[in-house]
Amino acid sequence: MTPTRDVDLASRWRELLARYHTLSCALDRALQEGHGIGMSDFEALDLLIDADHEKLRMQDLAAGMYLSQSALSRTIARLESRGLVTRAMCSDDRRAVFVAPTDSGRALHTQARPTHRAVLADHLDRPEGPPRPDGTQCA
């Protein structure tokens with residue numbers, strides 16, 4: 001790899017990280033302020049509801065998330081404690097756990113989804129380039 005290519009790849013990687021950080025902070029802030037739910041919690045609900053099944057195996061949910069297994073378990077525990085999802089053991093395979101959104105979880109998702117999509121559109125529908133600083137930091 002040439003030195004120029006090496007520097008270019010590292011620079012593009014850092015730009016991607018900065019854009020992700022800016023977007024994830026904006027999502028987390030908007031979802032917390034507007035709906036009392038964090039980005040990871042919303043993403044789990046969004047995947048569950050978009051899966052268009054009554055329930056989803058935890059392993060299948062994990063495949064679509066960016067979280068470690070332990071972080072996803074904590075996320076689901078938070079959602080479960082708020083009554084937004086239920087967990088149940090699989091009767092055929094005791095190692096498998098199913099997760100399903102509750103009516104309350106579906107209602108919160110319906111309320112929060114426009115906020116989520118608006119933030120995505122604001123950040124992703126503009127031309128690529130350096131991230132737009134908004135003057136705030138993630139907590």
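Trainee: Where does Asp-103 lie, and what makes that stretch a helix?
Mentor: Asp-103 lies in helix α5, residues 103–124. Helices are DSSP runs of H or I with at least four residues; strands are runs of E with at least two, and both are numbered from the N terminus. This is a predicted model: local features need pLDDT of at least 70, side-chain atom pairs count only at pLDDT 80 or more, and totals for chains, interfaces and linings use all residues. Residues are numbered from 1 along each chain as its sequence is written, and side-chain values use heavy atoms, with hydrogens and water left out.

Trainee: Why is Asp-103 called exposed?
Mentor: Its relative accessibility is 67%. Exposed means over 50% relative accessible area, buried under 20%, partly exposed in between (1.4 Å probe, protein chains only). Therefore Asp-103 counts as exposed.

Trainee: What makes α2 largely enclosed?
Mentor: Of its 12 residues, 10 are buried, so the rest of the structure largely encloses α2. Among them are Met-39, Phe-42, Leu-45 and Ile-49.

Trainee: How do you know what span to expect for α2?
Mentor: Take 1.5 Å times one less than the number of residues. For the 12 residues of α2, 39–50, that expectation is 16 Å. From first C-alpha to last, α2 reaches 16 Å, close to the expected value.
Trainee: What follows α2?
Mentor: Asp-52, whose phi is positive, near 60°.

Trainee: Why are β2 and β3 said to pair?
Mentor: Two strands pair if DSSP finds at least two bridges between them. Strand β2 (residues 85–89) and β3 have five bridges, in the antiparallel sense, so they pair. Met-89 stands opposite Val-97 in β3.
Trainee: What about β1 and β3?
Mentor: Strand β1 (residues 56–57) pairs with β3 over two bridges, also antiparallel. Arg-57 has Phe-98 in β3 as its bridge partner.
Trainee: What makes β3 mostly covered?
Mentor: Strand β3 spans residues 97–101, and four of its five residues are buried.

Trainee: How many helices and strands does the protein chain have?
Mentor: Five helices and three strands. Along the sequence the pattern reads α-α-β-α-α-β-β-α.
Trainee: How much of the protein chain is buried?
Mentor: Buried residues make up 35% of its 139 residues.
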